[in-house]
Amino acid sequence: MSEHDSPAAAKGSEAGERNGSNSGTKGGASKSPVQIQIPNTEERTGFVKAFTVYIIHISDFGRNYQVERRFDDFAKLHGELSEVDPGLPPIPEKKMWASTDASTVAERRPAFERILRYMLASEAVMFEKGQALWKFLEIPPPGMVAARYAFGAQRLSYARQCGKLLDPKYEKEHAYRLAHDSIIRSNLHVLLVDLKKGPSSSAIETGSAGPATSPSNTSFEASLDGGEGAAEEDAGASASASTTATGKPHEEAEAAALEMLRWAISNGGQVVRRCFLEQKGLFAMLDILLRKGRAALSPDGPPSGPAALPHPQIRSVMNALVKAEGENYPKVFCRFLETGGVALLDGARDLLQANAAYAEFISKLLWISWEEETQRAFLDENHGKVALGLLAALFASSSRIARVCAGLLVSSLLATELLGEKAGSAASGVHRLVEDMVGTPVNSGEGKSTNGSSSDAEFANFLTTLGQNEERFARILDCVSAPWRGGSFPHKDHPLWASCSFGLWCLQRIAPKASQLSSLRPALPALARSHAPGRVRWLAGELILQLQTQAAAQHRISDADDSGSGQGMIETTVEESIALEAILREQLLNSRHQLQSDVEESHEVLATQKALIAQRQEPPNFSKSVWHQPFEGSLKRLTTVRGTLSTSLDSSEQRREKALTAVRSVLQLDLDGSDNEAERRALSVKLEGMREVEVSFLNKRQQVQEGQESVKGHEEHTEQLRQSMEHTDQAVQTARQAISELEQQINSKYREAQHFRTMASSDVSARRRQLEMDLDLIKGRQTELRERAARLKNGEPLEPGMQPLLGAPAHEEMDRMKAESQKLKARAADLNNEIGKLVDSDPASLERQALAADESVQQLSEERDALRAELPRLEAEHSNERSGWQAALSQLQSARQTLQMLERECSGLKQQLDSGWSSWQPLWSKRLNVWKERMKLLKEAQQGSHQLAQAVGEGWESLRDERQQRQRALEELRELRANLNELEEELLSLDDKVLGDFE
């Protein structure tokens, strides 16, 4: 057997497999977080001889760097670790004088790679207390801890240490490792596998490296700050201490794993989240959360305090996932539902019914992801029946928040028409929920609600947040508008009205701005007047009241006109006010009759309960005796229950009086008084007057918009004509410029021809002397100009007896002299050029040049004549373009004047509207306040009636409790009778005959 086949080597191989495939949950191999490669080497020169350095490329959880090592470094590392793991691959033979040979390097480089990779897969080496490998690779202690955690062995103990990478001291430099897929898998493995074993399995897992390699709470700090010895000492101390505190390490490991997952999801990007989800991390989080909730359930009732709330760290992981995924989260949750999520949630149905906080958490989780795709996944035929049962459990929760979320979930299902034949029963449940919510008081107080779940403040805040997310708010609007998506209202009993009803109730509680209801608002008056169920129409009327209250609070009509309905604000107000008055009046008339009936019925029921309670007030009389104690205990409990009957009756009476007072207030409302009618007529007259002005204003505003479009069109047309005119003007100017340049060229060529002929017939030497004399004069003048410039620069007088030129005159004189110098320089160049031509000239050559100049004159003259013939046409075209531009400019000015006149008229009508609104607004606000007060009284009466009904129910419940205790007392009495009968038989069985004989 070779070294590679030894048991130690096999153990290292098994460790490598575990490091590659078991460092996380099931679902595929996890790449080792520390990777090495030796792709190249370099030859260096030393004092004695050359040597080779092997450049190791290291990937430390994705961050790459390089270290250089010589053969001796590898040999030293191999020697240190060969005793730790005898199965290490052999190191190549040392060669004194051939270390740089190509064959030697080619042999050593792959061998070194094999050794290092074996070490990274060896548990004994990974957890070796001297940390030799990590020092060799220059991986810092935080990296070593993370790598050991990801390795698999002793994972539970290293979870706490790896979690310390989130300490502020290390987070910036080292926390990036927590986003590696191996750490994600390790965290999930700790939560799903290691911690399931329970504290009794092992407080800290033990690996082949022995107890001394298990880290303590302080060994990580010691590794960083105290050195190797301190680390070993702390590690050894912790191993013995941890075995005595089995519970706390598991809690710390769980907390660390959850916090690492939260950080990775928040900071690791899409790749990390994909790894988390591929490993069923979402499923794992909810599974752990629900298992903890079920474990906290007690036969005596739901838990209270922290035990009643979902695990806060798991919630933070879920919140991080929701926030990081953003708009993609519904797809994530849809996938979860498709892969067993519905069954997981349904398995906790008893928890959701018993614990309000869990019901709230799960219902919110569903609602934020409740897109149509998610709804279809939820109702998939494979688990549709189970899914509906889960919704029923949320409906039955004691949490108002959970019930509202359940109502939204079912309403959305109704709106998307996915429930099929179940829609009717679902709609009935939603209708009942609406009636229950209408009668339930909601305020901003801090006290607990009657059902013992979330406080009124929490509930009110939750309702407000329903409108903060655009996508979820749009779902509520879809629920409301579902009945008329087909273009007309369905029949009164259609299930879509339930969806509409619950959506309207939510909108009323959200109290959104008018701009948020721009798509829904035009349909509200028609909805209030339709044949829809009464509650739908009444909720629509209350929503209109909210919108009109918002509009009436504005002092100008422009501030209130944000309906987005496509019509004027006054027209909208007219339609909504008519619908509002009618539907709220109908609601009050209908509701107060129903309320009166309910109170009367409750009065009769309370009278019946009162009589029943009176019969049960006399406590049963029974003499005390020791052997009667069971029966006596039953009597005591019965007496206690009967004592609560009076308290229940008093509470019912108080609620009845409160409800009766509220109902009387509603019954006493004067809906048909003459003052109301006169006020309504006055409002109607003012509103009708504003309506006429608004019609004129809207028409005028339309004309202004058309005028603005007209002016814009005229401006564009005028600009086009101006550009065309400038183009033709440029063409004319170009032609004229070309003609002028051609004439100059013709004159130049003509003079040149004359010059050549003159030269041919004259004495060249005389001409040359003349040119040289002219050139000397130019040079003399240039010298004079340079001298004057020097005197001017030095501040000296230019001429004797003159004052020096300073300031602006000096600058002007300098500029003049520069210009003259440039001209002299150009003239000198021309003279030099002409002198050069005279050197080699002969009469025959000059005559040929003169003929060539004549031909150029003829050609240029033809071009000039052609341009002169074209110029009149260009001038005529420019004249036409200019006339068109002037006409268009005149039309533009006329259009602008018309627009200004329309804008003044529109502004005047706007001022009339604002003036009418300012005089009408106080009256309308007063009228709306009357309706608000009426609706407030109605709400109080409805809530009082609802609370009275609850009190009546509680009374019946108390009577049922009394009956139950009475039946128990009867059972004890029967047992007592049986005991008495047995005693009687025993006493009668005694033979008194002998006694009689003696007597």
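Residues are numbered from 1 along the chain as its sequence is written. Because the model is predicted, local features need pLDDT of at least 70 and side-chain atom pairs count only at pLDDT 80 or more, whereas totals for chains, interfaces and linings use all residues; side-chain values use heavy atoms, with hydrogens and water left out.

The chain holds 34 helices and three strands, where helices (H or I, at least four residues) and strands (E, at least two) are DSSP runs numbered from the N terminus. Of its 999 residues, 45% are buried. Buried stands for under 20% relative accessible area, exposed for over 50%, and partly exposed for values in between, computed with a 1.4 Å probe on protein chains only. Contact means heavy atoms within 4.5 Å. Among contacts between residues at least 6 apart in sequence, 77% join residues at least 24 apart.

The side chain of Ser182 forms a polar contact of 2.8 Å with that of His180. A polar contact is a pair of N or O atoms within 3.5 Å; within protein, one must be able to donate a hydrogen and the other to accept it, and residues adjacent in sequence count only if both atoms are side-chain atoms.

Two packed helices are described by the angle between their axes and the distance between the axes. Axes here are lines fitted to C-alpha atoms, for helices over the stretch in contact, and angles run from 0 to 180 degrees between N-to-C directions. Helix H7 (residues 155–163) packs with H9 at an angle of about 125 degrees, the axes lying 10 Å apart. H7 and H9 are therefore oblique to each other, given that angles under 35 degrees count as roughly parallel, over 145 as roughly antiparallel, 65 to 115 as roughly perpendicular and the rest as oblique. The crossing of H7 past H9 is left-handed; a crossing is left-handed if the near helix is turned anticlockwise from the far one by less than a right angle, and right-handed if clockwise. Arg155, Leu156 and Cys162 of H7 make the contact with Ile183, Ser186, His189, Val190 and Asp194 of H9. By class, four of the residues in this contact of H7 with H9 are nonpolar, two polar and two charged. In this classification Ala, Val, Leu, Ile, Met, Phe, Trp, Tyr, Cys and Pro count as nonpolar, Asp, Glu, Lys and Arg as charged, and the others, Gly among them, as polar.

H9 also packs with helix H12 (residues 269–278), at about 35 degrees and with axes 10 Å apart. H9 passes H12 in a right-handed crossing. Here Asp181, Ile184 and Leu188 of H9 meet Val272, Cys275 and Phe276 of H12. By class, the contact of H9 with H12 has five nonpolar residues, one charged residue and no polar residues.

The loop between H12 and helix H13 (281–296) contains Lys280. Most residues other than glycine have a negative phi, and most peptide bonds are trans. Lys280, although not a glycine, has a positive phi of about 60 degrees. With a relative accessible area of 48%, Lys280 is partly exposed. Glu417, in the loop between helix H20 (400–415) and helix H21 (423–438), likewise is not a glycine and has a positive phi, of about 55 degrees. The relative accessible area of Glu417 is 56%, so Glu417 is exposed.

H13 has a packing partner in helix H17 (residues 356–368): the two axes come within 12 Å and cross at roughly 160 degrees. That angle makes H13 roughly antiparallel to H17. H13 passes H17 in a left-handed crossing. The contact involves Leu286, Leu289, Leu290, Lys292 and Gly293 of H13 and Tyr358, Phe361, Ile362 and Leu365 of H17. By class, seven nonpolar, one polar and one charged residues form the contact of H13 with H17.

Leaving aside neighbours within four places in sequence, Val536 is in contact with Trp497, Cys500, Ser501, Leu504 and Leu527. Val536 and Val434 are 102 residues apart in sequence, and 9.9 Å separates them in space, C-alpha to C-alpha.

Helix H30 (residues 674–761) contains Glu741, which is partly exposed at a relative accessible area of 38%. Glu741 and Leu860 are 119 residues apart in sequence and 9.9 Å apart in space, C-alpha to C-alpha.
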